[in-house]
Amino acid sequence: MRNIAIKLRYDGSRYHGWQVQKEDVSVCQTVQEALSKICEHPVKLTGCGRTDAGVHAMNYCANFRTDCRIPTDRIALAANSRLPDDIAVVDAVEVPDDFNAISSCIKKEYIYKIHNSNIRDPFLEKRACFYPQFLDIELMKRAGKAFEGTHDFAAVRSLGTETKTTVRTVHWCNVEKEGDLITVSICADGFLYNMCRAMVGTMVYAAYGKLIPEDIPRLLEIGDRRLTGPTMPPQGLYLNRVWYDGEVGEMMLRNTDEI
């Protein structure tokens, strides 16, 4: 039985997140159906993490097991001929039996895009969060830096997914602005449920004076979700990069486009 890792990109606007749902259409279900057709047996995918309804992925990794002998260099083309236009398999490699897209992942980077203007852009409706109130970019940057390091991030997560610990290490939390578009980049060894969107919501609160950036470490220590910022809408969030050792790490670096 072969273990195959695939690299995906998708626009999550039409899907109820990555995870298979009982009634709603998910990204995982859609890709599994395409792979099952080309492998001629049911395929079960293990994804590198959950993305919620409306969230996108520029680079996503998943793995599956198959006894199908289709060459790895043909998997992407074969799968894409059976996938809708908003999901694409970019690459595939055969990996050791112990590879798992979740547990083998070293770190991930999400980006969140905010269209900070008082005029809507219809082309960004499902690609960025429209936020008409002025946001002070320097305050957002200071708030982002306050999240960096190893902390208990219970204060910026939503309940709903059980986890052994709420301690995570944020490697960087950077903010850039180009024109009316603000991009927040957050890299961590793992993310709690809605952690990234709640971090950005807290940074937005800091950007118009609802809290002080330097208070964020204390708010994390208190651990009360009610004291931090709101969970931002999903359409601005993208899984941007995922890191692995070995061949999968090399695959994830190939043909990597950022937005």
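Select Arg197 and Asp52 to begin: both residues are buried, where buried means under 20% relative accessible area, exposed over 50%, and partly exposed in between (1.4 Å probe, protein chains only). The two form a salt bridge whose closest N and O atoms are 3.3 Å apart; the term denotes a side-chain nitrogen of Lys or Arg within 4 Å of a carboxyl oxygen of Asp or Glu. The pair links distant parts of the chain, 145 residues apart: Arg197 belongs to helix α4 (residues 195–207), and Asp52 to the loop between β2 (46–47) and β3 (56–66). Helices (H or I, at least four residues) and strands (E, at least two) are DSSP runs, numbered from the N terminus.

This is a predicted model, in which local features need pLDDT of at least 70 and side-chain atom pairs count only at pLDDT 80 or more, while totals for chains, interfaces and linings use all residues. Residues are numbered from 1 along each chain as its sequence is written, and side-chain values use heavy atoms, with hydrogens and water left out.

Next, select Arg65 and Asp97, whose side chains meet in a salt bridge at 2.7 Å, N to O. Arg65 lies in strand β3 and Asp97 in the loop between β4 (87–95) and β5 (107–115), 32 residues apart. Arg65 is partly exposed, at 36% relative accessibility, whereas Asp97 is exposed, at 55%.

Finally, select Arg218 and Asp215, which form a salt bridge at 4.0 Å, N to O. Arg218 counts as partly exposed because its relative accessibility is 43%. In total, the model contains 12 salt bridges by this rule.
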